[in-house]
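Reader: Can you walk me through this one? I'm new to reading structures.

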Amino acid sequence: MQSDFETLADDLCASIPGHEVLLLSFDGETSDFVRLNHGKVRQAGRVEQRVLNLQLVHGSRHSSAAVVLSGDHAADTSRCLATLSELRSQLPLLPEDPHLLFNAEVSSGTHVGANTLPDAADAIDEIVAAGEGLDLVGIWASGGVHQGFANSLGQRNWFTTHSFNFDWSLYHQADKASKNSYAGTEWDSDEFARTMAKARTELDVLRRPARTIEPGAYRVYLAPSAVDEITGLLSWGGFGLKALKSKRSPLLRAAEGKASFSASVTLSEHTGAGLSPDFGPSGFRKPARTTLFENGAFSQTLVSPRSGAEFGAVTTGASGREAPQSLEMEAGDLSTDDMLQSLGTGIWVNNLWYLNYSDLPACRMTGMTRFATLWVEDGEIVSPLNVMRFDDSVYRMLGEGLVGLTRERELLLSASTYGKRSTDSALLPGALIDGLRFTL
Amino acid sequence: MFETIAARFREQMPAVDFCSLRIARERSQQISTRQGVLQPLHNADDLGGMVVVHHGGGIGYAATGDLTASGLAAALRTAQEWARRSADIAVTNFSAVPMPHPVGSWRTPVHKPWAQSPLEDKIALLQRTSTALKIDERIVDWEASLWWTSAESLYLTSGGGEVHQVQDVLIPHMAVAANDGKDTVTRSLGGRGFARQAGMELLDDVVLDERAGGIAEQALELLVAPDCPEMKGNLLLAPDQMMLQIHESIGHPLELDRILGDERNYAGTSFVTADMFGEYQYGSELLNVTYDPTITNQLASFGWDDDGVAASKQYIIRDGLLERPLGSVVSQHRAGMEGVANSRATSWNRPSIDRMANLNVEAGKSSFAELVAGVKRGVYMQTNVSWSIDDSRNKFQFGCEYGRLIEDGELTSVVRKPNYRGISATFWRNLVGLGDASTMDVLGTPFCGKGEPNQVIRVGHASPVCLFADVEMFGGA
């Protein structure tokens, strides 16, 4: 796809007169998706898509359009030139945009990851065989994901990664299940077998009679995937400059110095270690690291080019959502291996689900436990727990309530496929929390 | 253009048990202002095709933006290969699914086409609205937008099926945030609930610049209001909260693919099981829920679903009794149950799955005044702002933008951050009052997420004002 994109970009940029600027951003993928239920195939197929966003700028007026490309150069060029004509006709009707900002200093770069992926159908055969006799449900996604940027100033950027992500659950019955993920760039049958064996072991625990607890405050261990749900909700408007300036950020009180997390909480957008490209649709390159919280205190924000222009800040090259794509939380000093003992009596939460704010300015969240949530007594797993709703302030959970974070962290690759396969990731520890409030 | 693509497909139709091509083109334009500044104008023209093959019991699909003859040929080969590879390991014998082969066309009735309204007039409307929203210095953020979409599709099957459909959608929106230095509150035009299939005539009903002042004033009311008190009592829900309540705790748990387990790894399972249909008292006798994609101008109306099943109105819950799941032709075949025409895909790049479309609560007989008059102590809540529910769609907690106490049969003071929680399995049985047609709003949301790979789709929900008893309610931190 890279050469197709660059050839098309060259032709389109060559058509732009000197008083205009053209920005092109590209998203493409060739993905195999196989959906499984009860260890069998529900849907299997391939999606090949190429989407080009064209932004035409004249002075401080601009308009944009997204078009789906066919891959046929002549047809795509013709379609894009027609689109540019439409955009050009819109520009005189639009007011000047005081917040327009794009990268005017050429900063090109290329990252192309090797393709060592297995044949998807072969992998599915192996998965189905491994799931024989088990109630396995999930999604296989694999293939190449591509992003590109070009502008009429001469900048060219390209990013390709080839990966697979098998995201699945083994069910005991009803809502009792072990949730698992095996993702990477190279399929390793032995590693998959180990992951499956671990899931089978967890299933044994889930076969015990489930316990229902009364609402109240409990000591809990949140595994990294559960922490990911909390930081994931925080990422919706929590770390961006626009939400902060418009007083809509759930972390506004922290930014104003009225609230903080425990000193052991340090969060950053670590693009340099992430799996996403380091360029955005306006052509700005992202810094290797942006520290969001340092030792519990609010630090920097993610700044889109538009917010940079509006609020007079330096852009971090963030997208319009101003959300982290490679979030990293510093490790703590608790041992995951000793966590059952550290937890003592309480709840081991592997997964949370469907979080939202019950009081956004107070950063108070509610959400559910899901999959394998376990009741622990005196350092021993006793039984699975029926789902419970928590409702608590994150300032308390990651503040006075935070006993500690684990030394070990997990790299969690996003399985999101809304519109396209995500390249987001998060590197997170587990968290031991005292007095998490459960309500229902 | 569609006919040329269709001819290419017909020429290459393989000898398989079933094959279909769904060509989908979706053109859209989003115009928005924030704090009086026009935001980047965004246009889109999305065109592609989805080939589905059932053969030898297997299923395969291929989605492509390349609709040339060679592009379709490649897609057909890919779909056939996946059908071959899945034949011995499929959840059902897909070749035995009685796929329909319909012929027809359907189109949203539009009286004032979007394209005939000048761009500058739409921008001017939004800027007037923006000005009308900024009524006080405590209004710290304000926005208004119009989001138009025209979705055209042509569905072709190997049995001669050919259905052409066009859905025109308009989503007006406006919202403010108010801050007093200590706290922030938000107020909007029903979330994005006033989303309908319509042309610009929708704005004759939903007059943005006239309604703007009221929304901003309510935000300022909230800013000085006390938090919703913690209490257990009567909860009166406006249609723009009922929309969410129906969606999360009736719609999703009754999707047959969830009941069959397809969604357990992502969107979740259901507390409803197949044996409950025809037996289970889902709600009080006041509760009548219909699935009806045939309603003119509701957000998710169509003539046929994406598997070619003709749309029709069906009772899902009648007099509180659970009757029928939201199950497509494939799910019906797997479960051996009757369902509805609800196989839908968000675009050409995703396979269709079981979905809601227009899922509505039928009107009752009480006026709004009568509902309020019957409440000794309770809260009236409007406009969803927060939603969370367990993966079985049972334990929920929802928050609203705006609340008013009901005391001794009268609406009294405004309360902010009104939240409530409950359990689907008991909540609907406590439906004790049902508004009449004068209390109904026809609403919808463009953002229903589900499926692996993930999909977001438009769904419609119409509802009267509804009164529930014995609900736990509370406010902010």
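Reader: Where in chain A is D378(A)?

Author: D378(A) sits in the loop between β14 (364-377) and β15 (380-384) of chain A. Strands here are DSSP runs of E with at least two residues, numbered from the N terminus.

Reader: Before we go on, what kind of model is it, and how are things numbered?

Author: This is a predicted model, where local features need pLDDT of at least 70, side-chain atom pairs count only at pLDDT 80 or more, and totals for chains, interfaces and linings use all residues. Residues are numbered from 1 along each chain as its sequence is written, chains are lettered from A and ligands numbered from 1 in the order in which they are written, and side-chain values use heavy atoms, with hydrogens and water left out.

Reader: Back to D378(A): buried or exposed?

Author: D378(A) is exposed, with a relative accessible area of 63%. Exposed means over 50% relative accessible area, buried means under 20%, and partly exposed is in between (1.4 Å probe, protein chains only). D378(A) also has a positive phi of about 50°, although it is not a glycine.

Reader: Why point that out?

Author: Because most residues other than glycine have a negative phi.

Reader: What about H38(A), what is its phi?

Author: Phi of H38(A) is near 50°, again a positive value in a residue other than glycine. H38(A) is in the loop between β1 (20-37) and β2 of chain A. At 42% relative accessibility, H38(A) counts as partly exposed.

Reader: Which strand does β14(A) pair with in an antiparallel way?

Author: β14(A) is joined to β13(A) by 10 bridges, and the two run antiparallel. Two strands count as paired if DSSP finds at least two bridges between them. One of the bridge pairs is L352(A) with T369(A) in β14(A). The hairpin of β13(A) and β14(A) has four residues between the strands, and C363(A) there takes a positive phi near 55°.

Reader: How many residues of β13 of chain A are buried?

Author: 14 of the 14 residues of β13 (residues 346-359) are buried, so the strand is largely enclosed by the rest of the structure. Strand β8 (residues 216-222) of chain A is parallel to β13(A), joined by three bridges. V220(A) has I347(A) in β13(A) as its bridge partner.

Reader: New topic. How many residues of chain B are in contact with chain A?

Author: 92 residues of chain B are in contact with 89 residues of chain A, contact being heavy atoms within 4.5 Å. The two chains bury about 7,300 Å² between them, 48% of it on carbon and sulfur atoms. Buried area is the accessible area (1.4 Å probe) that two parts lose on being put together, summed over both. In chain B, W82(B), R264(B) and N265(B) lose the most area to chain A, together 11% of what that side buries.

Reader: And how many salt bridges across the interface?

Author: The rule finds 12 between chain B and chain A, counting a side-chain nitrogen of Lys or Arg within 4 Å of a carboxyl oxygen of Asp or Glu. Among them is R34(B) with E310(A), at 2.9 Å, N to O.

Reader: Which strands of the two chains pair?

Author: Strand β2 (residues 40-58) of chain A and strand β4 (residues 58-64) of chain B pair in the parallel sense over four bridges. There, R46(A) stands opposite A62(B).

Reader: Last one: which residues does the cis peptide bond in chain B join?

Author: It joins E452(B) and P453(B), with omega about 0°. P453(B) lies in the loop between β22 (441-450) and β23 (455-463) of chain B.
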